[in-house]
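Hi everyone, thanks for making time this morning. I'd like to walk you through a structure, so please have the viewer open and follow along.

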Amino acid sequence: MPETAPLVRKRVSDPLPVQILLIGLMLLFFIGFIFLPLGLVFAQAFLKGWSVYLESITESYALEAVKLTLTTVAIVVPLNAFFGVTSAWAITKFNFVGKAALKTLLDLPFAVSPVIAGLIFVLLVGSRTPFGSWLGEHGIKIIFSTPGIVIATLFVTFPFVVRELIPLMEAQGRDEEEAALTLGARGWQIVGKITLPNISWGLLYGMILCGARSIGEFGAVSVVSGHIRGQTNTVPLHVEILYSEYNFAASFAVASILVFLALLTVALKVSMEKKFQKNSSHH
Amino acid sequence: MGIELQNITKKFGGYTAIDDISLNVASGELVALLGPSGCGKTTLLRIIAGLEMPDGGKIILEDKDTTNLPPREKNVGFVFQHYALFRRMTVFENVAFGLKVLPRKERPSVTEIRDRVEHLLKMVQMEWALKRYPSQLSGGQRQRIALARALAVNPKVLLLDEPFSALDAKVRQELRRWVRKLHDDIHVTSIFVTHDQEEALELADRIVVINKGRIEQQGTPQEVYDHPANAFVYNFLGNVNVFHGRVHNGKVTLGSHRVDAPDEFKNTEEKASQAFVRPHEIGISRIRSSEADLEGTIQEVRLMGGQIGLNLECEGFEHPIEAEIPRDLYINLQLSRGDKVFVSLNRVKVFTGDYAI
């Protein structure tokens with residue numbers, strides 16, 4: 001019955017006005033909350049011209065902040081990749097008491113406000129606590145120095161890798177590892193040849209997200225950092241200081257570095273997703 | 001002796017998966033572990049492979065006690081239900097895996113590995129797929145690769161866990177004939193697990209019927225099919241009509257009818273019994289051939305390929321009786337729904353005792 005075909009086709013999609021309304025709302029949201037602010041950051045950054053922009057981002061405090069941020073990322077991402085793989089492994093491949101509780105607790109760093117997360121570490125190892133003063137006596141400084149910033153960032157970004165890996169490893173099951181076992185492989189051979197290759201894309205993806213968040217983390221780092229210029233200021237903290245000093249052009253210039261890094265992360269993420277999909281079709 | 005299992009037990013929490021199983025498999029034999037899902041057959045296979053540790057008992061492979069050895073030292077080939085091919089590796093790398101992970105001293109040279117992999121792939125008729133990835137192959141092809149991979153390490157025994165159950169009916173049949181032929185060629189001691197009685201009957205030298213973690217019966221397919229040891233085995237080995245009733249002095253009640261019981265019940269006291277008749281052993285006729293015939297009405301006619309299935313409503317029977325007759329007979333008798341026919345149940349098998357199925 002060819003004459004009924006258009007009728008059937010009409011029914012599967014929503015009416016045109018609804019489509020226009022939904023697409024319009026989405027575009028409005030994108031313009032208002034993403035394109036406009038992004039554009040404003042760059043507009044403000046270049047308000048006083050190229051030379052001020054370049055000066056702001058090459059000035060020594062700004063460079064120190066970039067250096068500290070990149071150092072933090074370089075320490076946090078590998079560590080959280082390691083913790084993420086081991087936690088996901090334990091949760092998906094073994095059964096133990098308290099597994100369900102642990103799985104729920106993995107989300108805690110997302111659920112807790114970063115400021116609270118920072119405060120926890122101040123209360124734990126700050127100089128007024130017994131443990132903190134003991135560390136101080138032995139010349140180890142955590143709060144108001146790089147270790148504190150790293151630890152706070154580790155805590156806040158922990159869930160990214162593990163969240164990415166658990167569903168992946170659950171879906172893959174233990175069959176391939178067991179097959180490798182019966183074929184005579186040793187533990188490290190199974191990890192290196194089977195498990196890690198199978199989760200490689202998910203792991204990279206989780207690491208990218210973890211890195212992005214490490215770069216941008218403000219709240220927890222702000223509490224433990226102490227805002228010492230040139231020493232414990234990360235890029236987001238530096239932006240905030242410049243802004244509160246009414247140095248808007250410099251503030252937005254440094255902020256544009258963050259925007260640039262964020263766009264880079266998104267681009268990486270997209271290319272990963274494409275590869276990930278292509279690879280997971282090989283299942 | 002290829003495989004010797006002595007008093008194997010295994011519990012998961014409070015649940016007994018394997019309840020004191022002892023089993024011998026001769027070298028070169030192909031044995032089927034047959035049972036319903038959850039009967040413990042896969043657990044038993046995994047225990048032999050070392051993927052599970054038994055709570056008690058001994059596993060002896062080729063006269064060597066391997067009970068406490070890790071899987072790596074057992075030299076067992078294992079084929080998984082869902083193939084478990086390494087998804088990130090090509091077919092070649094999959095089959096070569098067991099050779100490449102050997103310690104340097106025992107590892108064959110690169111050319112030896114290549115020759116062996118090529119030989120195995122030829123054997124499973126997959127030599128063209130050397131560079132493919134598992135995801136580019138069909139289910140049947142994947143299972144052939146899994147088989148080649150398991151055989152690459154020259155295993156003492158080959159264990160197959162429901163190897164055909166994830167395949168389409170047609171591929172399944174093809175592959176299982178092919179596996180039988182392969183086994184006849186290479187004679188590796190093999191155990192395969194299945195819940196499909198047809199598969200076990202067609203493929204195995206010997207069938208071990210397992211239920212609730214225990215062995216119900218073992219024997220050649222002929223023995224097990226023709227002389228089932230108990231009601232469970234009879235019921236599990238094919239479609240069957242079950243009649244609960246009583247047996248007394250050579251007569252057994254079927255519904256409200258009484259028919260002759262097999263000879264061994266000639267002088268028994270009255271006992272609860274279960275009588276079994278396979279659908280294809282039921283006689284259907286337009287004319288009465290003996291006093292014992294039942295009168296039935298055809299309730300439903302089912303096309304089943306070469307056979308025709310009939311549901312017969314018979315007076316005095318609670319449930320319809322299922323019968324299967326050859327297509328020719330069906331055409332000759334010109335049967336159709338609603339017809340009255342005579343039904344003869346002359347080959348009943350009777351078991352006494354309360355056997356829960």
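Let's begin inside chain A, where five residues of domain 1 are in contact with eight residues of domain 2. On the domain 1 side of that contact, four residues are nonpolar, one is polar and none is charged. Before going on, please keep in mind that this is a predicted model.

If you want to colour the domains, the assignment for chain A puts domain 1 at 1-45 and domain 2 at 49-280. Taken over C-alpha atoms, the centres of these two domains of chain A are separated by 34 Å.

Four residues from domain 1 of chain B and five residues from domain 2 of chain B make up the contact. The domain 1 side of chain B has two nonpolar and two polar residues there, with no charged ones.

Let me stay with chain B for the overall picture. Nine helices and 20 strands are found in chain B, and its C-alpha trace spans about 80 × 45 × 35 Å along the principal axes. Chain B has 357 residues, and 39% of them count as buried.

What about the cores? The largest nonpolar core has 102 residues, and Ala32(B), Ala148(B) and Leu159(B) are the ones with the most contacts inside it. Helix H4 of chain B, residues 139-151, gives this core its largest share, six residues. Which residues does Ala148(B) touch, leaving aside those up to four places away in sequence? They are Val95(B), Leu120(B), Leu121(B), Met123(B), Val124(B) and Met126(B). There is also a second, separate core of 38 residues, and it includes Ile91(A), Ala117(A), Val162(A) and Ala220(A).

Ala117(A) takes us to a helix I'd like you to zoom in on. Helix H7 of chain A covers residues 114-125, twelve residues in total. At 1.5 Å a residue it should span 16 Å, and its end C-alpha atoms are 17 Å apart, so the two values agree. Which residues of H7(A) are buried? Pro114(A), Ala117(A), Gly118(A), Phe121(A) and Val125(A) are. Looking down the axis of H7(A), you'll see these buried residues fall within an arc of 100°, so they line one face of the helix. As a reminder, an α-helix has 3.6 residues a turn, so residues three or four places apart point the same way. Over on the other side of H7(A), Ile116(A) and Leu123(A) are exposed. And what covers the buried residues of H7(A)? The cover includes four helices of chain A: H6 (108-111), H8 (130-137), H9 (146-157) and H13 (219-225).

To finish, let's look at the two chains together. Their contact takes 19 residues from chain B and 18 residues from chain A. On the side of chain B that touches chain A, strand E6 (76-79) and helix H2 (91-100) each supply at least two residues. By class, that side of chain B has 13 nonpolar, three polar and three charged residues.

That's my tour, and I'm happy to take questions.

Terms used: Residues numbered from 1 in each chain as written. Chains lettered and ligands numbered in written order. Predicted model: local features only at pLDDT ≥ 70, side-chain atom pairs only at ≥ 80, totals over all residues. Core = buried A, V, L, I, M, F, W, Y, C linked by C-beta atoms within 7 Å. Buried ≥ 20, exposed ≤ 12 C-beta atoms within 10 Å, placed from the backbone. Contact = placed C-beta atoms within 7 Å. Nonpolar A, V, L, I, M, F, W, Y, C, P; charged D, E, K, R; others polar. Domains from an automatic or database assignment. Expected span 1.5 Å × (residues − 1). Arc of directions from axis to C-beta.
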